[in-house]
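Thanks for asking me to look this over. Here are my notes as numbered points, to be read with the model open beside them.

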Amino acid sequence: MPKVLIADDSTFMRTLLADILNKNGFSDIVEASDGEKAVQLYDAEKPDLVLLDVIMPQMDGLAVLSNIAAKGAKVIIISAVGQESMIDRAMKSGARGYIVKPFDESQVVEEVKKFI
């Protein structure tokens with residue numbers, strides 16, 4: 001069973017993403033509420049995929065991305081920040097995908113299935 005790490009400072013967003021994943025057969029989910037916890041959980045849990053927000057306390061998503069992409073992480077950014085410059089930076093830093101909030105469920109499922 002693939003493991004997914006959801007890293008977002010919004011409890012609502014973590015719950016929403018976990019519900020989408022659960023409905024689509026992904027039940028091994030770990031959650032982080034800030035960037036530092038995301039890196040710690042990535043190291044401890046070795047998830048198959050990371051869904052990562054950009055704007056988070058302690059360490060922003062791009063810093064987390066740089067840290068864990070160097071360790072081979074598959075990361076999809078899910079952020080309200082949809083500017084081309086941010087998307088380009090994320091992709092150059094190792095993100096495999098970028099989903100702009102608000103998103104629809106099918107978009108999340110499609111992206112997740114590409115990498116798992």
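Predicted model: local features only at pLDDT ≥ 70, side-chain atom pairs only at ≥ 80, totals over all residues.

1. Ala69 belongs to helix 3. Leaving aside residues up to four places away in sequence, Ala69 touches Ser93 and Gly94. Ala44 is another matter: 25 residues separate Ala69 and Ala44 along the chain, and their C-alpha atoms are 15 Å apart.

2. Next, please look at strand 4, which covers residues 75-79. Of its 5 residues, 5 are buried, so the strand is largely enclosed by the rest of the structure. Val75, Ile77 and Ser79 point to one side, while Ile76 and Ile78 point the other way.

3. What are the partners of strand 4? One is strand 3 (residues 49-52), paired with strand 4 in the parallel sense over 3 bridges. Within this pairing, Ile76 of strand 4 has Leu51 standing opposite.

4. Ile77 has Tyr98 of strand 5 as its bridge partner. Helix 4 (residues 84-92) sits between these strands in the chain path, and strand 4, helix 4 and strand 5 form a right-handed β-α-β unit.

5. Now to the charged side chains: how many salt bridges does the structure hold? The count is 8. One of them joins Lys3 and Glu45, with 2.7 Å between the closest N and O atoms. This pair links distant parts of the chain, since Lys3 is in strand 1 (residues 3-7) and Glu45 is in helix 2 (residues 35-45), 42 residues apart. Lys3 counts as buried at 15% relative accessibility, whereas Glu45 counts as partly exposed at 29%.

6. A further salt bridge brings together the side chains of Arg14 and Glu31, at 3.1 Å from N to O. Arg14 is in helix 1 (residues 11-23) and Glu31 in strand 2 (residues 28-32), so this pair ties together parts 17 residues apart in sequence. Arg14 is buried at 10% relative accessibility, and Glu31 is partly exposed with a relative accessible area of 38%.

7. Please also check Lys23 and Glu105, whose closest N and O atoms are 3.1 Å apart in a salt bridge. Lys23 lies in helix 1 and Glu105 in helix 5 (residues 105-115), so parts 82 residues apart in sequence are tied together. Lys23 is exposed, at 59% relative accessibility, while Glu105 is partly exposed, with a relative accessible area of 32%.

8. One last item for your viewer: Asp8, Asp53 and Lys101 are linked in a network of salt bridges.

Terms used
Residues numbered from 1 in each chain as written. Heavy atoms only, no water. Buried < 20%, exposed > 50% of the residue type's maximum accessible area, 1.4 Å probe, protein only. Helix = DSSP H or I, 4+ residues; strand = E, 2+ residues; numbered from the N terminus. Pairing = 2+ DSSP bridges. Right-handed = clockwise from strand over helix to strand, strands pointing away. Salt bridge = Lys/Arg side-chain N within 4 Å of Asp/Glu carboxyl O. Contact = heavy atoms within 4.5 Å.
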